[in-house]
Amino acid sequence: MEARAATARTEGEQVPELSFYDSASANLQSLYGKAMMDGAQVVIGPLDKSKVSQLETRSDVPIQTLALNYGTHDHNTASGLYEYGLSAEDEARQAAHQARLDGHSQAGIMVPDNDWGSRVLDAFRQQWQQEGGQIASIVNYDPKGSVASSTRTLLKSGQSKPDMLFLLALPDYARQIPPTLKYLYAGDLPVYATSHAYAGTPQPRLDSDLDGVKFVDIPWQIPDVAAGGADAVPFATTRQQLLQGNENNPGLLKLHAMGVDAFELARRLPIFSATSNNVMQGATGKLSPRDDGRIIRTLPWAVFRNGEPGLPGLSGLSPDTAR
């Protein structure tokens, strides 16, 4: 956030002053009071999901606010409150939408057997069934368990045969899925994955087993696929500055990208509240606010070719769906 502010300032832009408050040290009302006394025009945060959930049940907030997470309720009812974050649920909904556009109708689903997996599963299933897709089989796998056993269960446990696989997995687990599918005579099963399957930097030797797997990721992580090169991604100068010394830490780059987009979204909140059909091309994807203030994030698609992200040749956009 501070890096983006510094870059914008050196480029001659008018940049708001940033003040920081510890949201863990006081309740939200007192923090808003202090921010108002200090002359704040926009609040960025809180990050804590429970605090965002508290805010979204209000009728309004004292200052226009960009929360850095999504609440747990069906809708945000607080006027002036916007919500933005790196949601795996957004990626799951986008995968469901794209797979339906590609003509698939019977989904096989593999997610880890934890709360994260349950939330992403619910998001994928809701979008998939909303668009007329059917569930062939679901496997809640143990990340430390046998990949062969989980994949065999996926292929044989359902009443119908899956014609696509939605995969939520970290790289080490994801890399084992395509070879296992081939071993089980299902190597032609299309695989749609979230960004978590990609470690964030090209590793052709390790990722060659992922060839053919389609996945979404933020533009800053796959600049060649998303924008035709690193110089063409949104806020490219800031990205280059943040990369210096952090080339081998893709997770940190993703957090930096979120900070950049949070800063830019916060600057645009007055425009969002005054006009409709707003879209921002951000470091973390195409960002657009829903009517209730929740920011929908649409990511570019890639496919592994020779162990590296390549252009997939897919069409279609992520739906503006309820979270």
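The following is a dialogue about a predicted model, on how some of its features come by their descriptions.

Visitor: Why is glutamate 56 called buried?

Guide: Buried means under 20% relative accessible area. Glutamate 56 has a relative accessible area of 0%, so it is called buried. This residue is found in helix 3.

Visitor: Which residues does glutamate 56 touch?

Guide: Leaving aside residues up to four places away in sequence, the contacts of glutamate 56 include His73, His75, Glu83 and Arg294. Contact here means heavy atoms within 4.5 Å.

Visitor: How do you know that the buried residues of helix 2 line one face?

Guide: In helix 2 (residues 28-37), the residues Leu28, Leu31, Tyr32 and Ala35 are buried. Seen down the axis of helix 2, the buried residues fall within an arc of 100°, so they line one face of the helix. An α-helix has 3.6 residues a turn, so residues three or four places apart point the same way.

Visitor: What do those buried residues of helix 2 pack against?

Guide: They pack against strand 1 (42-44), helix 3 (49-56) and strand 2 (60-67).

Visitor: What makes the pair of asparagine 27 and glutamine 29 a polar contact?

Guide: The cut-off for a pair of N or O atoms is 3.5 Å. At the start of helix 2, a side-chain oxygen of asparagine 27 comes to within 3.2 Å of the backbone nitrogen of glutamine 29. The pair is therefore inside the cut-off. After helix 2 comes glycine 39, with a positive phi near 85°.

Visitor: What makes strand 9 and strand 11 edge strands?

Guide: The open sheet has three strands in the order 9-10-11, paired antiparallel. Strand 9 (280-282) and strand 11 (295-298) each have a single partner strand, so one side of each is left without a neighbour in the sheet. From one strand to the next, the twist averages 30°.

Visitor: Which helix lies across strand 9, strand 10 and strand 11?

Guide: Helix 12 (residues 250-274) does, running at about 175° to strand 9.

Visitor: Which residues touch the most other members of the largest nonpolar core?

Guide: That core has 45 residues, and Leu66, Tyr84, Phe124, Met164, Phe166 and Trp220 touch the most other members. Helix 12 gives the most to this core, with nine residues. Apart from this core lies another, of 25 residues, including Leu165 and Phe215. In soluble globular proteins, nonpolar side chains tend to be buried together.

Visitor: Why is strand 12 called largely enclosed?

Guide: Four of the five residues of strand 12 (residues 301-305) are buried, so the strand is largely enclosed by the rest of the structure.

Visitor: What makes strand 8 and strand 13 partners of strand 12?

Guide: Two strands pair if there are at least two bridges between them. Strand 8 (residues 214-216) pairs with strand 12 over three bridges, in the antiparallel sense. Strand 13 (residues 308-310) and strand 12 also pair in the antiparallel sense, over three bridges. Both pairings therefore meet the requirement. Lysine 214 has valine 303 in strand 12 as its bridge partner, and phenylalanine 304 has proline 309 in strand 13. In the hairpin of strand 12 and strand 13, two residues lie between the strands, and asparagine 306 takes a positive phi near 55°.

Technical notes: Residues are numbered from 1 along each chain as its sequence is written. This is a predicted model: local features need pLDDT of at least 70, side-chain atom pairs count only at pLDDT 80 or more; totals for chains, interfaces and linings use all residues. Side-chain values use heavy atoms; hydrogens and water are left out. Axes are lines fitted to C-alpha atoms, for helices over the stretch in contact, and angles run from 0 to 180 degrees between N-to-C directions. Buried means under 20% relative accessible area, exposed over 50%, partly exposed in between (1.4 Å probe, protein chains only). The arc is that of the directions from the helix axis to the C-beta atoms. A polar contact is a pair of N or O atoms within 3.5 Å; within protein, one must be able to donate a hydrogen and the other to accept it, and residues adjacent in sequence count only if both atoms are side-chain atoms. A nonpolar core is a set of buried Ala, Val, Leu, Ile, Met, Phe, Trp, Tyr and Cys residues joined through side-chain atoms within 4.5 Å.
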